[in-house]
Every structure is written in C-alpha cells, then in structure tokens.
Amino acid sequence: GKELREDNKDYQQVLLDVRRSLRRFPPGMPDDQREGLQEELIDIILHVLKRNPQLHYYQGYHDIVVTFLLVVGDRLATALVEKLSTHHLRDFMDPTMDNTKHILNYLMPIIDQVNPEVHDFMQSAEVGTIFALSWLITWFGHVLSDFRHVVRLYDFFLACHPLMPIYFAAVIVLYREQEVLDCECDMASVHHLLSQIPQDLPYETLISRAGDLFVQFPPSELAREAAQQQAERTAASTFKDFELASVQQRPDTVLRQRFRERLRGEERTKSILTKPRTNRFVKLAVMGLTVALGAAALAVVKSALEWAPKFELQIFP
C-alpha cells in the first residue's frame, strides 16, 4: 500500500528495477495485467524488507521474486520469498558484498578440481569471477530468456544446498571448455565470452553434473581454497607488493634521486668549507706538541749535565 511505500528507504530503487523488468514477464501478456503484477512485485519486496530490517535490498533480488510471483501468486510468493531471504539468499542481503564475494571464490577451486587447464587459462587471463555475479544473485533468472529453464533451475536450487548455484556456474564454464581455451587469453575477451550464456544448454545434463560435483567436492573441502582466494585479495596481503611497487615507481625514484644528489652536494660544500679550519687546528696541535716535547727534552738534557759523573761528560763535548 501507499503507507508501506512512503516509509521504505528502498522504494525508489525497487521501483526503478521493477520498471526495467519487462522482459521477465511472458511475451504477449496484456499491459494492464503486467502492470498489475509489477505493483504486486513492489509490494512483496517492500513487505519482506519491512518485516526483516536486517535484510538489505540488492539489485537482482526482484528477478528472484518475480519468478515466484508468476508461478504461485502474490500471497504464497510473499511467504516463500521471506523464508528464502532469511536462508538461501541471506548472504546476498548483507549490508556489504563480502559474503557474496566469498561465495564467488568457490568457483575457481571447483573448476580447478575438474579441469586444471581451464582453471590455469582463466587465471592467466585474470578474468576473475565477476562474470558470474548476476548468475549467482538472481539464480540465473536475469540471464536466461526461456522461463521454463528458469523455473527448472529454481526447483533444483530450492531442493539443494545454498551453494548449489555456484556449482552450476562452474558446470557451465566447464561445459564451454573448448570455447574458453580457443579464446584470446586476456581479461576482456574471456569475460565477454563467459558472461554471455548460451540459451540452448543441455540443462538436465548440467543439473545432474552439478549434483555430482557437489557430492565429489563438497563445500567443506573447498572452503580453505576459497578462503585463501579471499585472503589474497585483501589489502593487508598485498601491502608488500604495493610497497615494492611504490619504491620502484618512476616519479618517486626520480624524486629520491634528486633528493640524494642535493644531499651529496650539500655535504661536499660543507666539507670544503670546514676542511681548511680542520687542517689548521691539526697543524696548531702538532706544533704545540712538538714545542712541548722539545722543552721536555732540553730539561732532561740539562738535568743530566748537572748530575752526571765527570767521566760521562766526555760524551757531551
């Protein structure tokens, strides 16, 4: 209702996303029917967010909600989406994307277990995993055009572990092995290829394969590698590399070199100015020491002449 929309901080963003969701409705649906469903979609999303203030809306959430709305209607969709939002979708609805990024980190370890060649190629291309972000957070609802394939995947994901969508993403990449290896090994080319999902995939085969991989390589076995990937991307772990790059950075090196040259110039000038004074002090000290030693020697000789026996005087003519 009006009151729900006015009091919700996410209303404007939800409204914009829902208005852009025309392609998610069956083609040929009358405009008035579609507009009515869009209003229901807005209400469902805002209702769930109001009842669960710990949840945060994200772009793509409406792609999941509209799927349930089209299948079961607004009342049951509201109950299902609320339950799903506090469980399977919970990590996507945090204030930050940290948990979502962590889930994406499972993608490369799964690929590495099955096909190290594809894994190494993707690592060399530095493509990362961002191409699979929309797959994950919309359960592929945003990227598949055939509604039958979408609802089939939703059946599969609802019946499985919350990480099953990332296993299915890995299966799609592995299925396209030859396309990936034939691609130019650079980030832009590989990202463009992988972000475009073919619409004629053998979904039943891939669903079965994803289930097999989940049993063969459960999340508990991949957690360490996923955490390692996350750690390698943190600022703390890359600080040494950053520090080294800063030292070797050309402008900084030039400034350092100029600063050292200026210091050396100042030291040379100071040395030239103080050198004569230092030498003069040394000369005076040596002269003073020589005079003192000479006087002492004369005093000794005089004493010897006064006290020596007569026969020893012959040595002093």
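I began with D17, which touches Y57, Q59 and H62 once residues up to four places away in sequence are left out. This is a predicted model, and I read each entry below with that in mind. D17 lies in helix α2. Is D17 buried or exposed? I found a relative accessible area of 2%; the cut-off for buried is under 20%, so D17 is buried.

**Whole chain**

I stepped back to the overall make-up. I counted 17 helices and zero strands in the protein chain. The chain has 317 residues, and 37% of them are buried.

**α3 with α4**

H62, one of the residues touched by D17, turned up again here, on the α4 side of a helix contact. I looked up the pair. Helix α3 covers residues 31-51 and helix α4 covers residues 61-72. Their axes come within 10 Å and cross at roughly 115°. I recorded the crossing as right-handed. Which residues of α3 and α4 make the contact? From α3 I listed L37, E40, L41, I44, I45 and V48. From α4 I listed Y61, H62, V65, V66, L69 and L70. I sorted them by class: ten nonpolar, one polar and one charged.

**α10 with α14**

Next I took a second pair. Helix α10 spans residues 147-158, and helix α14 spans residues 203-216. I noted axes that come within 11 Å and cross at roughly 20°. Angles under 35 degrees count as roughly parallel, so α10 is roughly parallel to α14. The crossing of α10 past α14 is right-handed. On α10, I found H149, R152, L153 and F156 in the contact. On α14, the contact residues are Y203, E204, I207, A210 and G211. By class, I logged five nonpolar, two polar and two charged residues.

I turned to L22, in the loop between α2 and α3. Its relative accessibility is 45%, so L22 counts as partly exposed. Leaving out residues up to four places away in sequence, I found that L22 touches R34 and Q38. I checked the spacing to Q38: 16 residues apart in sequence, 9.0 Å apart C-alpha to C-alpha.

K2 sits in helix α1, residues 2-6. At 64% relative accessibility, K2 counts as exposed. I also looked up K2 against D43, which is 41 residues away along the chain. Their C-alpha atoms are separated by 9.5 Å.

**Positive phi**

Last, I went through backbone angles. Most residues other than glycine have a negative phi. I noted two entries against that background. E126 is not a glycine, yet its phi is positive, about 55°. E126 is in the loop between α8 (116-125) and α9 (133-137). F140 also has a positive phi, near 70°, and is a residue other than glycine. I placed F140 in the loop between α9 and α10.

F140 has a relative accessible area of 1% and is buried.

Key
Residues are numbered from 1 along each chain as its sequence is written. This is a predicted model: local features need pLDDT of at least 70, side-chain atom pairs count only at pLDDT 80 or more; totals for chains, interfaces and linings use all residues. Side-chain values use heavy atoms; hydrogens and water are left out. Helices (H or I, at least four residues) and strands (E, at least two) are DSSP runs, numbered from the N terminus. Buried means under 20% relative accessible area, exposed over 50%, partly exposed in between (1.4 Å probe, protein chains only). Axes are lines fitted to C-alpha atoms, for helices over the stretch in contact, and angles run from 0 to 180 degrees between N-to-C directions. Angles under 35 degrees count as roughly parallel, over 145 as roughly antiparallel, 65 to 115 as roughly perpendicular and the rest as oblique. A crossing is left-handed if the near helix is turned anticlockwise from the far one by less than a right angle, and right-handed if clockwise. Contact means heavy atoms within 4.5 Å. Ala, Val, Leu, Ile, Met, Phe, Trp, Tyr, Cys and Pro count as nonpolar, Asp, Glu, Lys and Arg as charged, and the others, Gly among them, as polar.
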